[in-house]
Amino acid sequence: MSTDAAKPSRREQILTAAAEKFARAGFHGVGIDDIGAAVGISGPALYRHFRSKDAMLAELLTGISDRLLFGGKDRVDAASDPQEALERLVRWHVEFALRNPALITVHMRDLDSLSDRDRRRVRESQRLYVEVWVQTLVDARPELDRPRARAAVHAVFGLINSTPFSAHLDTSAMSRLLRDMAHGAITAI
């Protein structure tokens, strides 16, 4: 996505609208005309930007997976020790989930709507992202074996990724709560 948040490209506007529509009605419940109307163009005009609705979904879901992976790696690389790296990963994932609830919802609900090739790509990025966390957790807690660390990481992801369904607090309070709970879950093992 564009680094200039004030001026998203037309392509980014379309992806944002598609994510919101897919999150509300599901991939199969949204037509190309619905997405076009959300950005003020006709449905067929979207084909200037994407070859199909499936291509939009693929870009959304591969994009979310790649952003998490590369963002996670960057945060670990910037940390001075494994504890700080773990703190940075938790903060990164919480902030990402709170800023992108539609993408989290679309991923949970519509991953199986991707082509086999795109689904494999998403799964590979996800696997690599999990391994960033697992390695960081094992570095921070050397007494843990990798299977236990991996199970803990998946449990923490489930907690954090539940945010689209728990809008009971303002964003700041929810961020603090999720960070505290994620740290509690990681240290409880």
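Predicted model: local features only at pLDDT ≥ 70, side-chain atom pairs only at ≥ 80, totals over all residues.
Residues are numbered from 1 along each chain as its sequence is written. Local features need pLDDT of at least 70, side-chain atom pairs count only at pLDDT 80 or more, totals for chains, interfaces and linings use all residues, and side-chain values use heavy atoms, with hydrogens and water left out.

Helix α1 (residues 10-25) packs against helix α3 (residues 53-78) at an angle of about 90°, their axes 10 Å apart; helices here are DSSP runs of H or I, at least four residues, and axes are lines fitted to C-alpha atoms over the stretch in contact, with angles from 0 to 180 degrees between N-to-C directions. The two are therefore roughly perpendicular (65 to 115 degrees). On the α1 side, R11, I14, L15, A18, A19 and F22 make the contact, meeting K53, M56, L57, E59 and L60 of α3 (heavy atoms within 4.5 Å). By class, that contact has eight nonpolar, no polar and three charged residues.

Turning to the largest pocket, 16 residues line it, and H107, R123, Q126, F157 and N161 lie nearest its centre. A pocket is an open set of points on a 1 Å grid where a 1.4 Å probe fits, with protein on both sides within 12 Å along at least five of seven lines; lining residues have an atom within 4 Å of a point. Helix α6 gives the most to this lining, with five residues.

Finally, an unreviewed UniProt entry annotates residues 31-50 as "DNA-binding region", though such annotations may be inferred rather than shown by experiment. This stretch is 35% helix and 0% strand (strands being E runs of at least two residues), and its end C-alpha atoms are 14 Å apart.

Definitions and conventions:
Parallel < 35°, antiparallel > 145°, perpendicular 65-115°, else oblique. Nonpolar A, V, L, I, M, F, W, Y, C, P; charged D, E, K, R; others polar.
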